[in-house]
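These are my notebook entries on one protein chain, kept in the order in which I looked things up. The sequence and the model come just below, and my notes follow them.

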Amino acid sequence: MSGEGYRILLDCRRRARALRARSFTFDQIADVLSLDHAVSPLRLYRYAHGRTASDVVTVFNDLDPAGAASLREARLYDYEAWPDGGRRPSARTIATFARIYQTAACRLLPEEAYASYDVRDRDLLDRADHRHLDPCQSSHRHGHVRQASARDTMRAETGSGGIAARGPAHYAELLRALSAEEADVRRRELLFELALVLGGTPALGLLRHLTPLERERLVATAGQRAPVDSDAIGLLEKLMNRLWGMDERLGPAQVLPVAEAKRALVGDLLKQASLTPDLRDRLLRLYWNLSLMTGWSHFDLTDYAGASRRYNEGLAAAHELGAPALIAHLHGLLAYMALHQRRPSVALDHAFAAEGWAKESGHPLQQAAASIQLARALSRVKRDEGALRLIDRAAHLAGRGRSGPVFQHLGWLTPDCVPSYGIFCLLELNRPDQVLAEVRQRLATMDSNFVRERGLLQAECATALVQKREIVAAAEMIGEAAQVTATHSSARLVQSVRQARARLDPWADNRHVRDLDERLRTLSVTG
């Protein structure tokens, strides 16, 4: 770095520290620095963080889970010079920089540069939003998203009922994405209106899977300019299924704004649309599913108050439907959340309620799910060996009958995976050898898309290794779990990694533990 370049970096570092002390986000700091420095966004964000090129290269290479990244300073300078010169970075490279700089990938590219990427790359760029890692991003803290009515969202109004306070930057980002997405002006306007209904830019990844006719129908339904019929509900259900896929790949921070907006839309339709009894029940079931999804997302972001609110609203919908299986499922999730909150008596109450409602439903799969939750509660609260018998019972029940719409929320529950849900019980009962056997078996057969579950299993495996005093192996396993946080926004996973690391405190001077601590700092996972 030249003397002049280093002087600029030091000046930017000083200004950035002063602005951070006033709770400026890194996005805001980059905007401030852009007033004085006509450089690319990629370089602005490096300045905003006060990092040298050498620092960024080291962190970039450490973030590669395969350890195969080989970014050099000269190549970083090429990327920072683009598009006026230098070399265009790949979409995956930009996504990694977004992680380092705790921002959205689209903010690291000028508008004309974003448009130069193909549809698949733009989808990756749209999904790479790591602003939740910036502690000063109040709108991302705890994944808090306020509910709005669909009509207010369509009018792009903000206020006490808004999904989030949307400023000019939000609309500029959405319009830029749409300009690259759709050349036809009319269809672009349609996409803009629909994206606003469904939570903004994060919804574009879902809307790409709809045909132009389906988009028109969805906008008409949202604006209540067309009747709510079976086809319209089918479109909403189609998007619902894709939301669960986004949650598995990316986590709750990206899913929650879309799910909350969609839930508000369905809630409006239930209140205001003219519906036959069958269509109302179908729409109410969709509202239950969205309450489940938003509750789960809030829980995964460790926003327990938000999760409880959504779960209880889902319970009200399930009672209105008269669906014992749906009631049981939400009581089970409330029990699981209470365990994370260290509220044992509440966990037991919900677990027994889940068991009772599951029995009334008569559905073996729901009974299996309830048995798992009761087993977890008993192992934590009473250290009861009977918890393992409940896991065996759940595996038996999970093999009986897996068809019908009532089981859509239990698609993850198969006989083969039930033992892995008993790992929680084995840890509570201090059986590390069995934990290690179950984790290894599950990891060997797990779908590669289940990145969050993989990370959580690795954290549990690390806990078992600590119980066995295998410190080197435990540190390595915690590092692997922490790596998942680079691409997934689960705060619960971050919490699990930190808890596993805390168990290594007696060995804090161990070289492998010190190396782990450095890796956790690089990944922003330290407490």
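**Entry 1: confidence**

What is the mean pLDDT of the protein, and what share of its residues reach 70 or more? I found a mean pLDDT of 86, with 90% of the residues at 70 or more; pLDDT is the predictor's confidence in each residue, from 0 to 100. Over residues 138-165, however, the pLDDT is below 50, although this stretch has 59 contacts in the model beyond near neighbours in sequence (a contact means heavy atoms within 4.5 Å). Where pLDDT is low, the predicted coordinates should not be read in detail.

For my own bookkeeping, this is a predicted model, in which local features need pLDDT of at least 70 and side-chain atom pairs count only at pLDDT 80 or more, while totals for chains, interfaces and linings use all residues. Residues are numbered from 1 along each chain as its sequence is written, and side-chain values use heavy atoms, with hydrogens and water left out.

**Entry 2: the nonpolar cores**

I next looked up the largest nonpolar core, which has 147 residues. A nonpolar core is a set of buried Ala, Val, Leu, Ile, Met, Phe, Trp, Tyr and Cys residues joined through side-chain atoms within 4.5 Å; buried means under 20% relative accessible area, exposed over 50%, and partly exposed in between, with a 1.4 Å probe and protein chains only. Phe97, Leu125, Leu198, Leu243, Tyr311 and Leu504 touch the most other members of this core. Helix α16 (residues 277-300) gives the most to this core, with eleven residues; helices are DSSP runs of H or I with at least four residues, numbered from the N terminus. I also noted a second, separate core of eleven residues, which includes Leu9, Cys12, Ile29 and Ala48.

Which residues does Leu125 contact, leaving aside its neighbours within four places in sequence? I listed Ala91, Ile94, Ala105, Cys106, Leu109, Tyr114 and Tyr117.

**Entry 3: helix α25**

I checked the length of helix α25 (residues 451-467): at 1.5 Å a residue its 17 residues should span 24 Å, and the end C-alpha atoms are 25 Å apart, which agrees. The expected span is 1.5 Å times one less than the number of residues. Helix α25 is mostly covered, since 13 of its 17 residues are buried.

**Entry 4: salt bridges**

How many salt bridges does the structure hold? I found 31, a salt bridge being a side-chain nitrogen of Lys or Arg within 4 Å of a carboxyl oxygen of Asp or Glu.

Arg452 forms one with Asp247, and the closest N and O atoms are 2.6 Å apart. Arg452 lies in helix α25 and Asp247 in helix α14 (residues 230-250), so the pair ties together parts that are 205 residues apart in sequence. Arg452 counts as buried because its relative accessibility is 4%, and Asp247 counts as buried at 1%.

Arg492 forms another with Asp300, at 3.0 Å between the closest N and O atoms. This pair also links distant parts of the chain, with Arg492 in helix α27 (residues 491-502) and Asp300 in helix α16, 192 residues apart. Are the two partners buried or exposed? Arg492 is buried at 4%, and Asp300 is buried with a relative accessible area of 0%. Salt bridges that share partners join Asp247, Asp300, Arg452 and Arg492 into one network.

I then turned to Arg14 and Asp11, whose side chains meet in a salt bridge of 2.6 Å, N to O. Both lie in helix α1 (residues 3-20), three residues apart, which is about one turn of the helix. Arg14 counts as exposed at 53% relative accessibility, whereas Asp11 counts as partly exposed at 23%.

**Entry 5: backbone exceptions**

Most residues other than glycine have a negative phi, and most peptide bonds are trans. The peptide bond from Trp82 to Pro83 is cis, with omega near 10°, and Pro83 lies in the loop between α5 (73-81) and α6 (91-101). Thr302 has a positive phi of about 60° although it is not a glycine; Thr302 lies in the loop between α16 and α17 (304-321). At 21% relative accessibility, Thr302 counts as partly exposed.

Technical notes:
Helix = DSSP H or I, 4+ residues; strand = E, 2+ residues; numbered from the N terminus.
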